[in-house]
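Hello,

Here is the structure I said I would pass on. My notes on what was found follow below it.

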Amino acid sequence: MSALATTLAASTTSTGEAVQFWVLGTIAVVGALGTILMKKAVHSALSLAATMIILAVFYLANGAYFLGVVQIIVYTGAIMMLFLFVVMLVGVTAADSLKETIKGQRWLAAACGLGFGILLVAGLGRASLDTFDGLGTANAGGNVEGIAALLFTTYVFAFEITGALLITAAVGAMVLTHRERTEPARTQRELSEQRVREGKHLPPLPAPGVYARHNAVDIAGLLPDGTPSELTVSKTLRARGQIRDVSRQALEDLKALEQRAEERLGRGHEASDREEENAQ
């Protein structure tokens, strides 16, 4: 009776498990769709991070403690947060080119997505038709030991092929981003001489802000005539439209200052004229 009860408990789904699956599963699907459909890269990264966290919760709920911890620490905590911080620091503007650099890239992506969908459907069909030993048998010697036994026995070839694929992808990324230098690097003197010949901006670029009253990076510095200088703000902020224009207020303050100066100078001239008249 105890063995039969254990088998029935392993094959049936409790109310808590069902609620957990439908609630978290819906959020995971919404996050996955948001990763693809979001226009901003930061929002896509946050959606993918949320989906990965929910997958980690599923792993932990199903007794795969090692996979759950690895999912949180490695994927969500390290890879996704690194990607998110890089996107937030570097910035992705709407001016980036969306032109395909590889011909047939979209068709290849669609074919890969279709193949992944077929594998997913096949896996779900196998999970619903076949019978399994259950978590008790799989984790009899420990969850980590059970995963190691499967990786290095039944799935050893798939594990090695996956490792070779990841190494190949890393080497390919380094090769594609590496640029062979065919000429010696130019010295600082040569670079400065080139700037003089081309007539570019020779002195250092002005700092952001309006004189000493503002030091924010989203406020353009003013030239002596009061017009804002585009060289003082980042191109990323300019493309996003996140620049505050305070030139009008600065010009009004400058006019008020000049008017007060003229009034003071006029009063000074009047006082000096009176003193001259009295002296005569």
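Fold and helix contact

Read along the sequence, the protein runs α-α-α-α-α-α-α-α-α-α-α. That is 11 helices and 0 strands. Of the 280 residues, 14% count as buried. Among contacts with a separation of 6 or more, 46% are between residues 24 or more positions apart.

Please keep in mind that this is a predicted model. The mean pLDDT of the protein is 76, and 72% of the residues score at least 70. Among the elements, helix 2 has the highest mean pLDDT, 88, while helix 1 (residues 2-11) has the lowest, 52. Where pLDDT is low, the predicted coordinates should not be read in detail.

The contact I looked at is the one between helix 2 and helix 3.

On the helix 2 side, the contact is made by Gln20, Phe21, Leu24, Gly25, Ile27, Ala28, Gly31, Ala32, Gly34 and Thr35. Helix 3 contributes Ser44, Ser47, Leu48, Thr51, Ile54, Val57, Phe58 and Ala61. By type, the residues of this contact divide into 10 nonpolar and 8 polar, with no charged residues.

Regards

Definitions and conventions
Residues are numbered from 1 along each chain as its sequence is written. This is a predicted model: local features need pLDDT of at least 70, side-chain atom pairs count only at pLDDT 80 or more; totals for chains, interfaces and linings use all residues. Side-chain values use heavy atoms; hydrogens and water are left out. Contact means heavy atoms within 4.5 Å. Helices (H or I, at least four residues) and strands (E, at least two) are DSSP runs, numbered from the N terminus. Ala, Val, Leu, Ile, Met, Phe, Trp, Tyr, Cys and Pro count as nonpolar, Asp, Glu, Lys and Arg as charged, and the others, Gly among them, as polar. pLDDT is the predictor's confidence in each residue, from 0 to 100. Buried means under 20% relative accessible area, exposed over 50%, partly exposed in between (1.4 Å probe, protein chains only).
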